[in-house]
Amino acid sequence: MQRNKSNEIARDIIRTAKETFNEKINNITLFNLTDEPYKMFSIKCTIYNYFVLVFNYDRGHFGCSISSGNDAISLDSSKEWDNNCGLDEFWSDIDMQLRLRIPDKFLEANGWK
């Protein structure tokens, strides 16, 4: 994922998130975007109409958390650096972590299970 600008990296991340989640992702917002002194940005979105998810990228390191008011619940993934990282694997890990936290009845009612 070698890119020159934060905006390009963010577009790749958003594209792969949309490919993974399809209609289960909406309200995507890119914020805190900087290239200098280093590449950094955040992406906020709604997943499964259930969680507000925040993706943070900082100098090649990235991760996701569920927003819970002023707090956040970190989501584990086997991927956390952009060097040779398959973003589809990252989003698949995040999807699994999210589904574990959503009641089965909710997923079934929306046709997601």
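The model is a predicted one, in which local features need pLDDT of at least 70 and side-chain atom pairs count only at pLDDT 80 or more, while totals for chains, interfaces and linings use all residues. Residues are numbered from 1 along each chain as its sequence is written, and side-chain values use heavy atoms, with hydrogens and water left out.

**Overall layout**

The protein chain contains 3 helices and 5 strands, where helices (H or I, at least four residues) and strands (E, at least two) are DSSP runs numbered from the N terminus. Read from the N terminus on, the order of elements is α-β-β-β-β-β-α-α. The C-alpha trace spans about 45 × 30 × 20 Å along its principal axes. The radius of gyration of the protein chain is 14 Å, which agrees with the value near 13 Å that a compact globule of 113 residues would have; this radius is taken over C-alpha atoms, and the globule rule is 2.2 Å times the number of residues to the power 0.38.

**The sheet**

The strands form an open sheet of 5 in the order β1-β2-β3-β4-β5, with antiparallel pairing, two strands being counted as paired if DSSP finds at least two bridges between them. At the edges lie β1 (25-34) and β5 (71-75), each of which pairs on one side only. From one strand to the next the twist averages 25°, with axes drawn as lines fitted to C-alpha atoms (for helices over the stretch in contact) and angles running from 0 to 180 degrees between N-to-C directions.

| Strand pair | Bridges | Facing residues |
|---|---|---|
| β1 and β2 | 6 bridges | Thr29 and Lys44 |
| β3 and β4 | 6 bridges | Val54 and Ser65 |
| β4 and β5 | 5 bridges | Cys64 and Leu75 |

**Turns and backbone features**

The hairpin from β1 to β2 runs through 5 residues, and the loop between these strands holds Pro37. The peptide bond that leads from Glu36 into Pro37 is cis, with omega near 5°. The hairpin of β3 and β4 has 2 residues between the strands, and Arg59 in its turn shows a positive phi of about 55°. Between β4 and β5 there is likewise a hairpin with 2 residues between the strands, in which Gly69 takes a positive phi near 65°. A further positive value belongs to Asn22, a residue other than glycine, whose phi is near 50°; Asn22 sits in the loop between α1 and β1. As background, most residues other than glycine have a negative phi, and most peptide bonds are trans.

**Helices on the sheet and on each other**

Helix α1 lies across β1, β2 and β3 and runs at about 165° to β1. Helix α2 also packs on the sheet, where it touches β2, β3, β4 (61-68) and β5, and its direction makes about 20° with that of β4.

How do the two helices meet? Helix α1 (residues 6-21) packs with helix α2 (residues 87-101) at an angle of about 50°, and their axes are 9 Å apart. The two are therefore oblique to each other, given that angles under 35 degrees count as roughly parallel, over 145 as roughly antiparallel, 65 to 115 as roughly perpendicular and the rest as oblique. From α1 the contact (heavy atoms within 4.5 Å) draws on Asp12, Ile13, Thr16, Ala17, Thr20 and Phe21, and from α2 on Leu87, Trp91, Ser92, Asp95 and Leu98. These contact residues divide into 6 nonpolar, 3 polar and 2 charged, where Ala, Val, Leu, Ile, Met, Phe, Trp, Tyr, Cys and Pro count as nonpolar, Asp, Glu, Lys and Arg as charged, and the others, Gly among them, as polar.
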